[in-house]
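Have the sequence and the coordinates at hand, and let us walk through them together. We will begin with one chain, look at a few places in it, and then turn to its partner.

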Amino acid sequence: MWDLLVLGIMAGGVLALVAVGLTLIFGVMDVMNFAHGEFVMLGMMATVVTVTATGMNPYLAGLLVLLASLPISYLVYVGIIRQTLGKSLNVQIFTTLGLSIALQAVALMAFGSRTFAFSDPFASSRVSVLGVQVEAGRVIAFGGGILLVAGLWYFLYRTRAGKQIRAVSEDNYAAKVVGLRINRTYALVFMLGSAFAVAAGVLLAPFTAVSSTTGLNYVLTSFVIVVLGGLGSVGGAFIGGLVVGVIETFVGYYFGTQWMQASVFILFVLVLAIRPQGLFGKKSLDSAMVGG
Amino acid sequence: MMKTLKPFIPLAVIALLVIGYTLTGPSRMTLDLMNTILIFAAFATAWNIAGGMTGLFSLGHGALFAIGAFGTTILRLNLGVPTFLAILISALLAVLVALFIGAISLRLRGHYFGLATLGLAVIMFIMLQNFPNLTGGDEGITIPKETGFWNLIFQTKEEYVYVTLGLYVITAAIVIVLKHSKKGYQMLAVKEDEVSARSIGIPAVRTKMFAVGLSGFLSALAGAVFAQYTLYITPANVGSVAVTWEPALMAIIGGMVGVFGPLVGAGLITLLEHFVIEAVGSSIPGLSNFIYGGLLIVSILLLPNGVVGIFRNAYDWVVRKITKRPKQPDEISTTSVDVVDADELAEHLEPRSVETTEASVQKEGQR
């Protein structure tokens, strides 16, 4: 029991990282980004390929991958995401879906359809956490996740740029009136959100196998987490990530790993039916409820 | 009489064209493409009853399609139920699941509704994968080729054209009837503004449930025909996430407003997939998907109202040039509703109110 709880929370730390990136984009820009999972996949893929090709330390390689992803996500924002802002829901869904298909195809073209993995002696060495033996890579992933989310919280609530982002998220028209540069804020938010997905991929890479279709699982799970935590709520997404990590681990242990994702979606439908605004969402979310 | 038949003329023309083309003896590949297009056109048209006509943007229709395909096959092969009865039972089962989608729509809208219905499709997909005794797991079920009309399984692809065409014609005819009925106007009202629709006394809940239930029934029919046509169903080809957004995508690309938008979309998407693969080949894995994804982005961004929308705009432009009427000012994009004829209006009036009118007329006369 205790082992499962600790392992679940460890797994949840990285899921939280993916979901926080998604909820940031979702909350500020009101875009449902189906391509978010592909950034996780590309982050994992690029790290694995770099490490196997050069024998570099996986975390150093990961840092390079993260830096390299920033201009790419900026181009994706300017080329595609910016065109969908303010458009109808179905345009957004299918544009980001097309992006997801294209990014998957890019990974397939660049790396082939094999499943990649590597073993790093340091990341697979075992350490004891609260009496449970865990791979060091998972501990680093969890710690990295916590650090990045805490850093984001500090950025959003304690800096001027963060305040601007929150202002745009609150009311983008009023933010424009008082002279904030909406477009620049959106670009920053999209790059930041995508960087979180890439960072999650980097942290997952030392202990997870990856193929070009891995991304879809991550995006679906993080949609669940985002709704669970409440739309646009960074803290909610973080707690939601940990909860989903624990549930997945327990269900995987008792019912078999093939039911992990199904359990998350059953939870999802239940949460939507009982408390559509999510655990930490604002009560007056009129977009969520009919007639509200 | 002529007036009630008029909306069906384009459908009849399409059916005649398809039959005529089939009689010229096209190649097997063309026939295969035509069958696929017709099945998915029926599926997309069924989706459009909920998605386009009532505004319930469901991403869960893959589950309904899968129920049609797997339900029919399991009932036929495991329980020996006659094919047509099996199709009917699984379609009714799909209606139950569709009503659940409708129930979700009572509480959620927008992003949340889309995600919740997508969740439903994913649950169905995982269940199909994980009950291998019943569904064959990832390998799926291979349906034995016992030809015969009562099995809906045929030897040649020509014969299948009549089945898939029949499926499409039934679906499209139902949509045409619906569009000119009171129910159709109610659905449109709910789509445009639910609160206003309720305030003028339209039963919004019942209308939504009706739309999504009918849509589910017809989606399951399409799934059943798909199973009988391909004779090989797996969770991936009838229930995966890719299947669940196929009908929505087709309806959007084609245009969600008209009856034939989904048909145009199904044709374009199927041909696009086919020709991209044919042109690029499998020499570079992923290149065809890359082109497909790119074209998808471009076409969604450039044609938010679909191909049919483009044609409508072009038609309006030509009419304006000929009649030299100035362009109308920007209006709120709503679908126009035909004004109901006087005799049609009389049908909608309840008998009681007609009687009272007559009674009052008589009173007038007595005075």
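What percentage of the 292 residues in chain A is made up of buried residues? The answer is 50%. Please keep in mind as we go that this is a predicted model.

Let us start with the overall build of chain A. Chain A holds 12 helices and 2 strands. Read from the N terminus, its elements follow the order α-α-α-α-α-β-β-α-α-α-α-α-α-α. Its radius of gyration is 19 Å, close to the 19 Å given by the globule rule for 292 residues, so chain A is as compact as a globular protein of that length. The C-alpha trace spans about 55 × 40 × 35 Å along the principal axes of the chain. If you take the contacts in chain A between residues at least 6 apart in sequence, 77% of them join residues at least 24 apart.

Now to the two strands. E1 (residues 126-129) and E2 (residues 132-135) of chain A pair in the antiparallel sense, over 4 bridges. Within this pairing, Ser128(A) stands opposite Gln133(A) of E2(A). The two strands form a hairpin with 2 residues between them, and Leu130(A), in the turn, has a positive phi of about 50°.

Gly230(A) sits in the loop between helix H10 (215-229) and helix H11 (234-255) of chain A.

Which residues does Val20(A) contact once its neighbours within four places in sequence are left aside? They are Val149(A), Leu152(A), Phe196(A), Val234(A), Ala237(A) and Phe238(A).

That brings us to chain B, which has 18 helices and 2 strands. Buried residues account for 44% of its 367 residues. Of the contacts in chain B with a separation of 6 or more, 76% are between residues 24 or more positions apart.

How do the chains meet? In the contact between them, 39 residues of chain B face 42 residues of chain A. On the chain B side, the elements giving two or more residues are helix H5 (83-107), helix H6 (111-130), helix H13 (241-254) and helix H15 (287-302). H6(B) gives the most to this side, with 13 residues. By class, the side of chain B that touches chain A has 27 nonpolar, 10 polar and 2 charged residues.

Finally, a word on confidence. Chain A averages a pLDDT of 84, and 94% of its residues score at least 70. Where pLDDT is low, the predicted coordinates should not be read in detail.

Notes
Residues are numbered from 1 along each chain as its sequence is written. Chains are lettered from A and ligands numbered from 1 in the order in which they are written. This is a predicted model: local features need pLDDT of at least 70, side-chain atom pairs count only at pLDDT 80 or more; totals for chains, interfaces and linings use all residues. The radius of gyration is taken over C-alpha atoms; the globule rule is 2.2 Å times the number of residues to the power 0.38. A residue is buried if 20 or more other C-beta atoms lie within 10 Å of its own, exposed if 12 or fewer, and partly exposed in between; C-beta atoms are placed from the backbone. Two residues are in contact if their C-beta atoms, placed from the backbone, lie within 7 Å. Ala, Val, Leu, Ile, Met, Phe, Trp, Tyr, Cys and Pro count as nonpolar, Asp, Glu, Lys and Arg as charged, and the others, Gly among them, as polar. pLDDT is the predictor's confidence in each residue, from 0 to 100. Two strands pair if DSSP finds at least two bridges between them.
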